[in-house]
Amino acid sequence: MFRVHRSILLCVWLFTSLIVEGSVHEYKGERFVGKGNAFVVHGGSEGIYSGNHNENSVLPANGDSYIRFEKITFRRTQEFSNFSSGLVQAIVFEVEDRELVGGSAYGGQRAVCCTADLAKLGVCSEGEIIHRPSTKDPSWPQVFGVSFNIDELVATFPSKSIQISSTGMYNLYFMHCDPNLKEVVVEGKTIWKNPSGYLPGRMAPLMRFYGFMSLAFVILGLFWFSQYARFWREVFPLQNCITLVITLGMFEMAFWYFDYAEFNETGIRPTGITIWAVTFGTIKLTVARLVLLMVSMGYGVVRPTLGGLTSKVILVGVTFFVASEVLELVENVGTVSDLSGRARLFLVLPVSMLDAFIIIWIFKSLSATLNKLQAKRMMVKLDIYRKFTNALAVAVIVSVGWICYELYFKANDVYNERWQNAWVIPAFWRVLSFSLLCVICALWAPSQNSMRYAYSDDASDEFDRDDGALTLIKPSTIPSKDVRSSLEPRPVQASNGASNSDSEEDKTQ
């Protein structure tokens, strides 16, 4: 719920009709970037589970795992075509074999491209990528390449499929060591597949998770809507807000499930569904925070409106929605690799700061509401608010603990070696948010006694009136020997009036 972790609505409409390649990694004029003494294009990183390969099959079967190269071409300009070049190579390696790529002569600076000194030692060919065979499988890392002939503008890889026989995080890089090829660009695509479909290994468990979460929201919705239908005459505004949050949650989980299912089936991620999932999720997240804030302020329970705070609450809500929507769209739309979140710090900071501000505001408002309820001895409402405060405090403590674990996890997983467990990080926040929603539903579920927890005019008098004397005395509902026979109202002191009103509130409750 308190996840510290999103493109403006205009972008939603612009992108809805588009599709982005999923596990089909497409390269459209990617330029090489200098890294040390090599020039590099990152082709993709995905967790892949081992598959069952049939050696007699021409194409990989449905249960296979593979990385397939299709129409990978390298282009150079006419200006730099009057010479034959060195190799432009592709290297595929499992993350545990990363130390097998590159080397150094006599313990000097590590290099990716073979230098003259290393070539003299006979460990590599000058101008090519340095790599050593793995002790587990001598055929890995997989390295192959093409070169340009004189006046040749295009060099093309032959179509190739690499079978994955060992589960791991696989990386693909295109590299060359020729400074004269710095203007070369990469075009084409690679297709990455797991035994169960095209979802990257890190994302695959999330499809099942969203399926379970969809079922959980349906169960919660059935309970809530059945109560709502039975006691619709007793419903007050706060319960309408909770209904909205449950509805948005059902749509969000359904959209995420269909997004991942479509991605897994076709290898193409449907951008429209992704954007709708992000947008429904952001709206739900915003409304949920505002509901928590309004509950903490006593809206619908001890006050009929937010008064002068309405505009401030709306402003905070709109700002949080825009910041969260931009961050989530950047993190999710078009994501094809299994690398950690790619959002920039300047997108994460506004959401984190707004989150912290809202949480502080919630607890400050909650403290003031509890003090008022206790001072006025409105014990039924006070009991509900104490349970709500305890649940909220537990959620915050658990959130802080999980944030610390998440920081530890990411600090110790620089190369994504623990990718098979990484899905738990985002899943936890969904479960925590859902758990807190269940607590709120249990505390404020529609029932025949719902109006005991709702705002009433009598409560308003107790909370809002500060005048020196109260002249209105409500008749007691319980006969008493001490009731005066006089029918005429008489003024009483403010303290006595408040005391009488308090006792009547207790009787009403």
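The mean pLDDT of the protein chain is 80, and 78% of its residues reach 70 or more. This is a predicted model. Residues 1-22 fall below 50 in pLDDT, and so do residues 457-509. Two disulfides turn up in a search of the whole structure, and the structure also holds 29 aromatic pairs.

**Confidence**

- The stretch of residues 1-22, with pLDDT below 50, has 72 contacts in the model beyond near neighbours in sequence.
- The stretch of residues 457-509, also below 50, has 47 contacts in the model beyond near neighbours in sequence.
- Where pLDDT is low, the predicted coordinates should not be read in detail.

**Disulfides and cysteines**

- Cys 113 and Cys 177 form a disulfide, and their sulfur atoms are 2.0 Å apart.
- This pair links distant parts of the chain, 64 residues apart. Cys 113 is in the loop between strand 6 and helix 2. Cys 177 is in the loop between strand 10 (168-176) and strand 11 (185-193).
- The link of Cys 113 and Cys 177 is left-handed, with -90 degrees about the S-S bond.
- Both Cys 113 and Cys 177 are buried.
- Cys 114 and Cys 124 form a disulfide too, with sulfur atoms 1.9 Å apart.
- Here the partners are ten residues apart. Cys 114 is in the loop between strand 6 and helix 2, and Cys 124 is in the loop between helix 2 and strand 7.
- The link of Cys 114 and Cys 124 is right-handed, with 70 degrees about the S-S bond.
- Cys 114 has 5% relative accessibility, so it counts as buried. Cys 124 is buried as well, with a relative accessible area of 17%.
- With bonded cysteines counted along the chain, the disulfides follow the pattern 1-4, 2-3.
- Cys 441 is in no disulfide. The nearest cysteine sulfur belongs to Cys 438 and is 6.3 Å away.
- Cys 441 counts as buried, at 1% relative accessibility.

**Aromatic rings**

- The structure holds 29 aromatic pairs. In one of them, the rings of Trp 402 and Tyr 405 have their centres 5.0 Å apart and their planes at 40 degrees, so the pair is tilted.
- Trp 402 and Tyr 405 both lie in helix 8 (residues 379-411). They are three residues apart, about one turn of the helix.
- Trp 402 is at 17% relative accessibility and therefore counts as buried. Tyr 405 is partly exposed, with a relative accessible area of 33%.
- A cluster is linked by ring pairs among Tyr 27, Phe 32, Phe 69, Phe 74, Phe 144, Phe 157 and Phe 174.

**Arginines over rings**

- Arg 76 lies over the face of Phe 83, at 5.0 Å from the ring centre.
- Arg 98 lies over the face of Tyr 415, at 4.0 Å from the ring centre.

- Ser 85 sits in the loop between strand 5 and strand 6 (87-94).
- Ser 85 counts as buried, at 13% relative accessibility.
- A polar atom of the Ser 85 side chain lies 2.9 Å from the backbone nitrogen of Phe 148.
- Leaving aside residues up to four places away in sequence, Ser 85 touches Arg 76, Ser 147, Phe 148, Asp 178 and Leu 181.
- Of these, Arg 76 is also the residue over the face of Phe 83.

**Backbone exceptions**

- Most residues other than glycine have a negative phi, and most peptide bonds are trans.
- The peptide bond from Trp 140 to Pro 141 is cis, with omega near -5 degrees. Pro 141 is in the loop between helix 2 (116-120) and strand 7 (142-147).
- Lys 71 is not a glycine, yet has a positive phi of about 55 degrees. Its place is in strand 5 (residues 66-75). Lys 71 counts as exposed, at 70% relative accessibility.
- Arg 377 has a positive phi as well, near 55 degrees. Its place is in the loop between helix 7 (345-375) and helix 8. Arg 377 counts as partly exposed, at 38% relative accessibility.

Notes: Residues are numbered from 1 along each chain as its sequence is written. Side-chain values use heavy atoms; hydrogens and water are left out. Rings of Phe, Tyr and Trp (its six-membered ring) pair if their centres lie within 6.5 Å; planes under 30 degrees apart count as stacked, over 60 as edge-to-face and the rest as tilted. Helices (H or I, at least four residues) and strands (E, at least two) are DSSP runs, numbered from the N terminus. Buried means under 20% relative accessible area, exposed over 50%, partly exposed in between (1.4 Å probe, protein chains only). A charge sits over a ring if NZ of Lys or CZ of Arg is within 6 Å of the ring centre and within 35 degrees of the ring normal. pLDDT is the predictor's confidence in each residue, from 0 to 100. Contact means heavy atoms within 4.5 Å. A polar contact is a pair of N or O atoms within 3.5 Å; within protein, one must be able to donate a hydrogen and the other to accept it, and residues adjacent in sequence count only if both atoms are side-chain atoms. A disulfide is a pair of cysteine sulfur atoms within 2.5 Å.
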